[in-house]
Amino acid sequence: MEDLADGAGAGDLQLGIKALGTIPRKSSKDAAGAVDVPVAFGGIAFRPGDVLHADDDGIVLL
């Protein structure tokens, strides 16, 4: 598997990646969190059961 700590290798993967940049950080693993709750990014709400499709032309949330 390609080392994704370097963003150069990510372009070779058969996987759609949408990101503002590559700044890898280790998670804190403090067991806090929630499952099946709505979240919002960039003014768009993602609700449990929503489906996101992305390609080179854009992103669609269903």
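Here is a short tour of the chain, stop by stop, with something to select at each one.

Before you click: this is a predicted model, where local features need pLDDT of at least 70 and side-chain atom pairs count only at pLDDT 80 or more, while totals for chains, interfaces and linings use all residues. Residues are numbered from 1 along each chain as its sequence is written, and side-chain values use heavy atoms, with hydrogens and water left out.

**Whole chain**

Start with everything shown as a cartoon. You'll find zero helices and four strands, in the order β-β-β-β along the sequence. Both kinds of element are DSSP runs numbered from the N terminus: helices are H or I with at least four residues, strands are E with at least two. Of the 62 residues, 3% are buried. Buried here means under 20% relative accessible area, exposed means over 50%, and partly exposed is in between (1.4 Å probe, protein chains only). As for contacts (heavy atoms within 4.5 Å), take those between residues at least 6 apart in sequence: 14% of them join residues at least 24 apart.

**Aspartate 36**

Next, select aspartate 36, in the segment before strand 1. What is its phi? About 60°, a positive value, although the residue is not a glycine. For background, most residues other than glycine have a negative phi. Aspartate 36 counts as exposed, at 65% relative accessibility.

Move on to strand 1 (residues 39-41), where phenylalanine 41 is found. Phenylalanine 41 is exposed at 55% relative accessible area, while phenylalanine 46 is partly exposed at 24%.

**The hairpin**

Now select strand 3 (residues 52-55) and strand 4 (residues 58-61), which run antiparallel and are joined by four bridges. Two strands pair if DSSP finds at least two bridges between them. A hairpin of two residues links strand 3 to strand 4. Which residue in strand 4 is the bridge partner of aspartate 55? Glycine 58.

**Glycine 58**

Finish on that glycine 58, partly exposed with a relative accessible area of 29%. Leaving aside neighbours within four places in sequence, glycine 58 is in contact with Lys18 and His53. Draw a C-alpha to C-alpha distance from glycine 58 to lysine 18: they are 40 residues apart in sequence and 9.2 Å apart in space.
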